[in-house]
Amino acid sequence: MNDLEKTKKAVEAIVFISGDGIELSDIAKGLSKTNQEIKIILDSLIDDYQERDGGIFLNQGGSKYFFSTDKKVFTSIQYFLKENKKETLSKAMLETLAIIAYKQPLTLFDIEEVRGVNSRAVVTVLISKKLIKQVGQKESPGKPGLYGTTKEFLEYFGLQDLKELPPLKEVKEINFEEI
Amino acid sequence: MVLSEIKTNQFKIDIQTKEGISKNGPLDLLWMLIESYEVDIFNVSLTRITNDFCLYIEKNDITIDEKADFIVMGTRLIYYKSKLLTPSSNIDDDYESDSLPLELVEQLLQYKKFQGAAKNLREIEEMANMNMVRGAIWHNYEKGQDYLDVDLVALLKAFQQFLLSVEKSELMSIEEEEINTELIINELRKILLLESEVSFFLFIKKFTLLKIIGTFLALLEMAKMREIMIVQDSQNDDIKIKKNYINNN
């Protein structure tokens, strides 16, 4: 068994024991490898599981890697789950998150301009949920805080990066009878 | 009134709570009105929508705090409308015609766009929630604090169940004896020093009915002192007695 195969086995085992996920850089550090080497290995492992098309997959959410079950078996395994339904975000939270995700970095005022309602409370909740954070300050009078999404946001939605978000659909293209 | 044609209960102004749960804002109300007119957003009459909008917030019995965002929008509409009435030297003025000004249309479309994006996010969220990671299985009650949540009713039921089976058993002879819960507590403590988990059913297997009751009381007493944790997977199951590490140190 050559060194690469050995490392690949180790990486797979580490992700397995990590449960709900481990950072790529942590694996690299633990195995004294570079992030790049580990990234290549993880990518090939993801491909392996995809090819196998079994009950579990290796997934990436943000910079975290984890094993998770296939969506297709969700209803079958539901009985075994502690909580049958995870808490989901409210409509207002999702709306605000969507605005931040697509337009970041932006200020509270920018958010309120789109939503037309006071959004301070929603933003506070999202910050406490670690889905967004202040990423800077706008160079304008009052230096308002600029908000952006966090890596927990990516983990929560199971996205590798923001590019994976579906493109914004222009409403002008939508036929009004459809709405 | 035009508004009376619309079912007034169709749109509900949701109040912003401390948790930030606000659902419908002035833009939602505008969209609801526009959709009820069944015309293209560029052909909506500013007069009509201003009247309906103002009537709507007037009719709704909510406090000024909750209304603030709606009132801001209402005044904006009235401002646009007043512009319409004053003659303007600029022929290309946006406010010339009785349609919604472009900036408001722009905002409404923008809002709709992000509502669509929010819907997409919801789908992604649902998908992500269907991927279960290790540890999602229901036996992960080992998390600590959760333990102390003992459903007393279930516990008592299990105990009663057991008493019934004891009473039926012929091997049992019930003699008069004196039960000291203190002694039982000490006995349990000794066992828990050596073992991390004790099965209640096994522990009391050879006890008399009176002593079983005494043991049960001793358990409750120890749980009250946060010395032990009592775990029961489901009703009628065995009751597991565990040392409470959380408060012991």
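Student: What should I know before I start?

Tutor: The model is predicted, so local features need pLDDT of at least 70, side-chain atom pairs count only at pLDDT 80 or more, and totals for chains, interfaces and linings use all residues. Residues are numbered from 1 along each chain as its sequence is written, chains are lettered from A in the order in which they are written, and side-chain values use heavy atoms, with hydrogens and water left out.

Student: In what order do the strands of the open sheet in chain B run?

Tutor: Strands (E, at least two residues) and helices (H or I, at least four) are DSSP runs, numbered from the N terminus. Two strands pair if DSSP finds at least two bridges between them. Here the 3 strands of chain B go β1-β3-β2, with antiparallel pairing. β1 (197-199) and β2 (228-231) of chain B are at the edges with a single partner strand each, so one side of each has no neighbour in the sheet. On average, neighbouring strands are turned by 25° against each other, direction ignored.

Student: How many bridges join β2(B) and β3 of chain B?

Tutor: There are 4 bridges, in the antiparallel sense. For example, B:Val231 has B:Lys240 in β3(B) as its bridge partner.

Student: Which strands does helix α6 of chain B touch?

Tutor: Contact means heavy atoms within 4.5 Å. Angles run from 0 to 180 degrees between N-to-C directions, with axes fitted to C-alpha atoms, for helices over the stretch in contact. Helix α6 (residues 181-194) of chain B touches β1, β2 and β3 of chain B, and makes about 70° with β3(B). Helix α8 (residues 209-224) of chain B touches β2 and β3 of chain B, at about 120° to β2(B).

Student: How many salt bridges does the structure hold?

Tutor: A salt bridge is a side-chain nitrogen of Lys or Arg within 4 Å of a carboxyl oxygen of Asp or Glu. Over all chains there are 13. In one of them, A:Arg115 and A:Glu95 have their closest N and O atoms 3.0 Å apart. A:Arg115 sits in helix α6 (residues 108-115) of chain A and A:Glu95 in helix α5 (residues 91-103) of chain A, so the pair ties together parts 20 residues apart in sequence. A salt-bridge network links A:Lys91, A:Glu95 and A:Arg115.

Student: Are A:Arg115 and A:Glu95 buried or exposed?

Tutor: Buried means under 20% relative accessible area, exposed over 50%, partly exposed in between (1.4 Å probe, protein chains only). Both A:Arg115 and A:Glu95 are buried.
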